[in-house]
Amino acid sequence: MPEENTTPTTLVAEGSATVHTPERGKRSTAKRQNAAGETKSATSTATASKPSAKSRKFSEQEKLEKLRQIGAQVADGASTMKDAIKSAGISEQTYYNWKGSLKADDQPSRKSASAGDEFAELVQLEAENQKLRKLLAEKLRAENAELRKKLGID
């Protein structure tokens, strides 16, 4: 295989103009690294200066407003859930994340709101439960007695 000439050569063309041919060898490693470093820094500054549409943060009030807007559109039957979410300008995943975080925020406040109110409600429900059990027992006794009479057991 013939060796390539890596030294610059000068050709003399007709009309006495000199033409220099470029080097045809490999660049030195330092030059390659320097050129690559300049390229990387140029691209990183270009991407850093571009504003990203995905990095928008919504305040809590904006989140609640968008959730209410979506809920109202779906409740009115004006659009489907997907269409309402899309018209609000957020993704479905964002919608469900916001909705889940809203529910998670509400639950602890309910528990710590008033343990006394919950206890009073529990006592009231237990009393109502006892009352209903007594009514059911009376009805079942009456029905049982009626069936016994029909069968002639009594």
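Is Lys 99 buried, partly exposed or exposed? Lys 99 is partly exposed, because its relative accessible area is 32%. The classes are these: buried is under 20% relative accessible area, exposed is over 50%, and partly exposed is in between, with a 1.4 Å probe and protein chains only.

A word on the model. It is predicted, so local features need pLDDT of at least 70 and side-chain atom pairs count only at pLDDT 80 or more, while totals for chains, interfaces and linings use all residues. Residues are numbered from 1 along each chain as its sequence is written, and side-chain values use heavy atoms, with hydrogens and water left out.

Now the overall layout. The chain has five helices and two strands. In sequence order the pattern is β-β-α-α-α-α-α. Helices here are DSSP runs of H or I with at least four residues, strands are runs of E with at least two, and both are numbered from the N terminus. Of the 154 residues, 6% count as buried. Take the contacts with a separation of 6 or more: residues 24 or more positions apart account for 21% of them. Contact means heavy atoms within 4.5 Å.

Back to Lys 99. Lys 99 sits in helix α4.

Leu 67 takes us to α2. The buried residues of this helix are Lys 66, Leu 67 and Ile 70. Down the axis of α2 they fall within an arc of 100 degrees, so they line one face. That arc is taken from the directions from the helix axis to the C-beta atoms. On the other side, Gln 61, Glu 65, Arg 68, Ala 75 and Asp 76 are exposed.

Next, length. Helix α2 covers residues 60-76, which is 17 residues, and should span 24 Å at 1.5 Å a residue; its end C-alpha atoms are 24 Å apart, which agrees. The expected span is 1.5 Å times one less than the number of residues. After α2 comes Gly 77, with a positive phi near 80 degrees.

What does α2 meet in α3? Lys 66, Gln 69, Ile 70, Gln 73 and Val 74 of α2 meet Met 81, Ala 84, Ile 85, Ser 87 and Ala 88 of α3. Helix α3 is residues 81-88, and the two helices pack at about 145 degrees, with axes 9 Å apart. Axes are lines fitted to C-alpha atoms, for helices over the stretch in contact, and angles run from 0 to 180 degrees between N-to-C directions.

On to the aromatics. Rings of Phe, Tyr and Trp (its six-membered ring) pair if their centres lie within 6.5 Å; planes under 30 degrees apart are stacked, over 60 edge-to-face, and the rest tilted. The count is two aromatic pairs. Phe 58 and Trp 98 are edge-to-face, 5.3 Å centre to centre, with 75 degrees between the planes. Phe 58 lies in the loop between α1 (29-49) and α2, and Trp 98 in α4 (residues 92-113), so this pair ties together parts 40 residues apart in sequence. Phe 58 is partly exposed at 21% relative accessibility. Trp 98 is buried at 10%.

Tyr 95 and Tyr 96 are also edge-to-face, at 5.0 Å and 75 degrees. Tyr 95 is buried at 5%. Tyr 96 is partly exposed at 42%.

Last, α5. This helix runs over residues 115-151, 37 residues, and reaches 53 Å from first C-alpha to last, close to the 54 Å expected. Gly 152 follows α5, with a positive phi near 80 degrees.
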